[in-house]
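Please read these notes with the model open beside you, and check each point against it as you go.

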Amino acid sequence: MMAILIATFMTSVETTIITTALPTIVSQLNGISLQSWVFATYLLLTAVTTPIYGKFADRIGRKPVFLTGLIIFTIGSFLCGVSNNMTILIIFRALQGIGAGAIMPITFTMIADLFDYRKRSKMLAMNNTAWGISALLGPFLGGYIVDKLSWHWVFFINVPIGILVILIISFKYKEKSKKYIKKPLDIKGILSLSGLLIMILTLFQTLSQANFSSIQILVILFLIVMFVIAFIIFERQASDPIIPFTLFHNRLFSIQITTALLLSAIQIGFQTYFPMWLQSIYKTTATVAGLSVSPSPIFWLLSSFFVGTLVKRRSPKYITLPLIALMMVAYLPLLFIGSRFNQTIFFVISGITGVTLGITITMNTLVAQRIVPEESLGIASSMITLGRTLGQTLAAGIFGLVFNMSLNSGLKKHATVDQNMINQSIKGAYQSPSIADEDTINQIILTGMHTVFSVALILFVIVLIVNLADRNREVIK
């Protein structure tokens with residue numbers, strides 16, 4: 001269990017520790033035009049490989065797949081550390097993502113193997129603790145390493161940690177031997193699913209850019225349709241499909257995956273735009289702006305310890321609906337508040353978000369694992385992880401698109417304000433010589449923020465409708 005917690009911390013901190021190190025990396029490697037791909041490549045390869053590793057974990061066992069992921073991730077971290085240009089760094093970030101795709105979902109599967117249903121919720125909460133600590137410490141740790149050592153050590157730090165986890169799992173984790181009927185590997189399903197996920201993620205990465213062309217979007221959409229058709233055909237023909245469609249015949253399972261995806265989408269919205277809102281409108285420092293999201297991981301890890309008690313007393317539907325309704329009400333002020341509203345509200349909303357996600361997403365994992373056959377435990381766990389990754393990645397593109405569209409619309413109405421003023425203001429660095437211009441800039445940015453959280457409100461409505469469709473009224477035992 002200690003190895004699992006360390007592995008969770010190691011892979012999850014990798015998405016936050018680099019945020020404070022990236023400006024230094026970009027300046028030293030002269031790669032400003034490629035900086036978004038440092039994040040996108042890692043997330044993309046993690047998403048693509050997650051269901052593949054989940055299937056292998058069910059076929060050949062957790063231990064060999066988990067160790068493979070650890071080794072790839074550790075090697076990728078070392079190679080990222082020795083990179084001497086941006087392109088090479090992005091390639092090795094892809095290698096890191098391939099390794100992380102095995103680590104994240106299989107930690108959930110191994111917890112399910114090691115602990116029975118009654119104890120499992122506490123262990124999942126412990127795993128959330130490792131994630132919460134990484135979310136809090138990552139940015140500060142990244143800044144400290146860059147200041148005291150160099151950006152290379154942001155990646156090198158994973159090497160001794162990875163080796164430690166590899167040794168613990170190799171010598172201490174005793175997996176029960178399982179016999180599987182040999183079936184041909186679903187190569188066509190793997191390739192078509194990989195192509196589909198890559199195209200979906202590429203679509204929203206492209207939409208988030210300011211200079212995308214309609215031809216690019218049409219080509220990507222055409223490829224998405226082709227991959228969807230191919231994937232459905234191949235999975236229906238496969239004797240052992242990479243994602244068994246029969247799992248989704250269970251409505252409760254489908255609801256858990258969809259809920260995790262939509263809530264993760266909302267999560268990336270508040271994580272991205274709360275700090276931006278405080279810096280641009282309230283002129284706070286970057287540190288204070290970053291602290292606005294810190295209540296979320298704290299309350300996430302604390303609230304997740306109550307999941308075990310709740311699922312023994314209520315069906316998933318009656319746990320999820322009140323929490324989502326509460327979170328939705330908390331977000332309603334974000335549709336209209338102005339520049340003089342008390343900024344404490346952002347910290348309160350962050351805390352409510354942490355409570356809701358800590359209970360709901362932990363329960364999604366617990367229930368999804370419980371209601372599938374044991375031989376599909378790995379793929380069920382990977383579906384939850386994939387849902388969360390896709391939700392965050394797709395929402396980042398959608399929110400970025402509507403925010404940029406709103407800003408462009410505002411700029412067309414006000415000739416005295418230009419894009420550079422907006423960019424500087426969002427960074428908290430613009431001092432307008434004119435009070436009128438400053439008010440105009442604030443209003444344009446505020447309208448963009450209101451638009452982003454209007455989309456978040458739509459996602460809340462969808463997740464409420466999805467859970468209202470849950471016909472299960474029984475406690476999952």
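1. A residue is called buried when its relative accessible area is under 20%, exposed when over 50%, and partly exposed in between, with a 1.4 Å probe and protein chains only. Helices are DSSP runs of H or I with at least four residues, strands are runs of E with at least two, and both are numbered from the N terminus. This is a predicted model, in which local features need pLDDT of at least 70 and side-chain atom pairs count only at pLDDT 80 or more, while totals for chains, interfaces and linings use all residues. Residues are numbered from 1 along each chain as its sequence is written, and side-chain values use heavy atoms, leaving out hydrogens and water.

2. The chain contains 19 helices and zero strands, and of its 477 residues, 56% are buried.

3. Helix α10, which covers residues 214–237, has 24 residues and reaches 35 Å from its first C-alpha to its last, close to the 34 Å expected at 1.5 Å a residue (the expected span being 1.5 Å times one less than the number of residues). The buried residues of α10 are I217, I220, I224, F231 and E235. An α-helix has 3.6 residues a turn, so residues three or four places apart point the same way.

4. Among contacts (heavy atoms within 4.5 Å) with a separation of 6 or more, 83% join residues 24 or more positions apart.
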